[in-house]
Amino acid sequence: GYPELHTERIAANTSMNAALHSLAARGMPMYGECGGYIYLMHSLVQNGQHYAMSGLLPRSCTLGNSRAALGYRAALALADWPGAAGSARPLWVRGHEFHYAQEQPDPLPAQCSPLWQLHDSQGRFLRADGCRMGSVAGSWLHCYPEGSRRFWRLWLGLCSAYLSAQGT
């Protein structure tokens with residue numbers, strides 16, 4: 001939820017980070033929204049201090065004192081988003097953004113891809129959003145359950161397929 005409230009404990013929890021890295025290396029699907037996205041990142045800067053997060057995604061952000069984003073969103077899944085590839089129907093979700101953290105401005109590294117084409121409530125394109133690397137993905141977008149049923153079904157299918165492959 002709010003990793004900025006627990007930065008020192010998160011940075012010190014190396015056993016949790018090691019476990020997450022091990023699961024990601026085995027292809028376990030992981031997805032974080034907003035605070036979960038921050039947790040998946042390499043680091044968070046807060047009050048001039050750098051704090052290590054899980055490091056699963058090669059991104060960093062800075063927590064500011066003013067809102068970085070607020071509003072209802074419609075998001076189109078990019079073609080290589082798991083479950084959207086090969087589908088004849090575009091994968092749209094509805095949700096909102098509300099955060100004070102600002103992601104680093106540099107482009108995504110070559111091994112990463114964005115998740116969404118984000119649009120505001122008037123349908124205007126805002127930006128590509130999120131980061132996916134292997135089975136790990138994160139975004140600022142909070143997907144509404146009712147407005148994102150197809151996405152969540154596809155996501156749960158990916159999780160189920162992973163668990164079946166692991167024999168659990």
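This is a predicted model: local features need pLDDT of at least 70, side-chain atom pairs count only at pLDDT 80 or more; totals for chains, interfaces and linings use all residues.
Residues are numbered from 1 along each chain as its sequence is written, and side-chain values use heavy atoms, with hydrogens and water left out.

**Exercise 1. Find the residues with the most contacts inside the largest nonpolar core, and the elements that supply it.**

Step 1: A nonpolar core is a set of buried Ala, Val, Leu, Ile, Met, Phe, Trp, Tyr and Cys residues joined through side-chain atoms within 4.5 Å. Buried means under 20% relative accessible area, exposed over 50%, and partly exposed in between (1.4 Å probe, protein chains only).

Step 2: The largest such core has 21 residues, and I38, L56, C61, V136 and W140 have the most contacts inside it.

Step 3: At least two core residues come from each of α2 (14–25), α3 (35–40), β2 (41–46) and β4 (57–63). Helices (H or I, at least four residues) and strands (E, at least two) are DSSP runs, numbered from the N terminus. The most is given by α3, with 4 residues.

Step 4: Apart from this core lies another, of 14 residues, including Y31, A75, L118 and A137.

**Exercise 2. Work out the strand order of the open sheet of 4 strands.**

Step 1: The order is β3-β2-β4-β7, with mixed pairing; two strands pair if DSSP finds at least two bridges between them.

Step 2: Because β3 (49–52) and β7 (101–103) each have a single partner strand, they stand at the edges, and one side of each is left without a neighbour in the sheet.

Step 3: Now look at β4 and β7, which run antiparallel and are joined by 3 bridges. Here L63 stands opposite A101 in β7.

**Exercise 3. Describe the hairpin of β8 and β9.**

Step 1: Strands β8 (residues 116–119) and β9 (residues 125–129) pair in the antiparallel sense over 4 bridges.

Step 2: Q117 has A128 in β9 as its bridge partner.

Step 3: Between the strands there are 5 residues, and G123 takes a positive phi near 90 degrees.

**Exercise 4. Is D129 buried or exposed?**

Step 1: Find D129 in strand β9.

Step 2: D129 counts as buried because its relative accessibility is 2%.

Step 3: A polar atom of the D129 side chain lies 3.3 Å from the backbone nitrogen of W140.

Conventions. A polar contact is a pair of N or O atoms within 3.5 Å; within protein, one must be able to donate a hydrogen and the other to accept it, and residues adjacent in sequence count only if both atoms are side-chain atoms.
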